[in-house]
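Please read it with the structure open.

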Amino acid sequence: MERSVQFGQDKSLNGIMGLPDVIDGPVLLLSNAGSLSRTGPNRLWVQLSRAANASGWPTLRFDQSGFGDSPVSDVALPINMRRLDEYNDAIDFIMTETGAPGVIIVGLCSGAIDAHDI
């Protein structure tokens with residue numbers, strides 16, 4: 001089951017959470033690829049999250065601030081620090097919602113750099 005979610009300190013980060021009927025694996029956290037929205041390139045994140053959900057893995061694909069449906073942040077931090085905070089908000093949210101045993105961050109382009117940094 002997929003549903004739209006809002007999270008973060010001021011509920012300004014928007015995403016789609018995919019929950020399997022029975023959780024049988026870690027969460028896949030799928031972030032923006034470059035300036036693309038949470039659907040990913042050619043809807044790759046949509047397809048990947050649905051396949052993961054069918055295998056028992058919960059997913060969260062979200063838009064970082066300033067991309068897709070998440071508005072530009074007014075937090076006065078360097079972008080790399082703000083992104084770290086946003087990922088931490090996403091991880092806290094999805095782990096609280098699912099109780100999954102762990103999280104795997106998946107990214108392409110700048111999302112891969114973010115995943116590596118985290």
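How many of the five residues of S4 are buried, and what does that say about how far the rest of the structure encloses this strand? The model is predicted. Five of the five residues of S4 are buried, so the strand is largely enclosed by the rest of the structure.

- S4 pairs with S2 in the antiparallel sense over five bridges, and with S3 in the parallel sense over three bridges.
- Across from Asp-63 in S4 stands Asn-14, while Leu-60 in S4 has Leu-29 opposite.
- In a regular strand, side chains alternate between the two faces of the sheet.
- In S4, Thr-59, Arg-61 and Asp-63 point one way, whereas Leu-60 and Phe-62 point the other way; all of these residues are buried.

**The largest nonpolar core**

- The largest nonpolar core has 15 residues, and those with the most contacts inside it are Phe-7, Met-17, Leu-29, Leu-60 and Phe-62.
- Two or more residues each come from strands S1 (2–7), S2 (13–18), S3 (27–30) and S4 (59–63) and from helix H2 (79–98).
- H2 gives five residues, the largest share of this core.
- Leaving aside residues up to four places away in sequence, Met-17 touches Met-1, Glu-2, Arg-3, Val-5, Thr-59, Leu-60, Phe-93, Ile-94 and Glu-97.

**Aromatic pairs**

- The structure holds three aromatic pairs.
- Two values describe a pair of aromatic rings: the distance of the centres and the angle of the planes.
- One of the pairs is Phe-7 with Phe-93, which is stacked, at 5.2 Å centre to centre and 15° between the planes.
- This pair links distant parts of the chain, with Phe-7 in strand S1 and Phe-93 in helix H2, 86 residues apart.
- Phe-7 and Phe-93 are both buried.
- The pair of Phe-62 and Tyr-87 is edge-to-face, because the ring centres lie 5.5 Å apart and the planes stand at 85°.
- Here too, distant parts of the chain are linked: Phe-62 belongs to strand S4 and Tyr-87 to helix H2, 25 residues apart.
- Phe-62 and Tyr-87 are buried as well.
- Which residues do ring pairs link into a cluster? The cluster consists of Phe-7, Phe-62, Tyr-87 and Phe-93.

Note on methods
Residues numbered from 1 in each chain as written. Predicted model: local features only at pLDDT ≥ 70, side-chain atom pairs only at ≥ 80, totals over all residues. Heavy atoms only, no water. Core = buried A, V, L, I, M, F, W, Y, C linked by side-chain atoms within 4.5 Å. Buried < 20%, exposed > 50% of the residue type's maximum accessible area, 1.4 Å probe, protein only. Helix = DSSP H or I, 4+ residues; strand = E, 2+ residues; numbered from the N terminus. Contact = heavy atoms within 4.5 Å. Phe/Tyr/Trp six-rings, centres within 6.5 Å; stacked < 30°, edge-to-face > 60°. Pairing = 2+ DSSP bridges.
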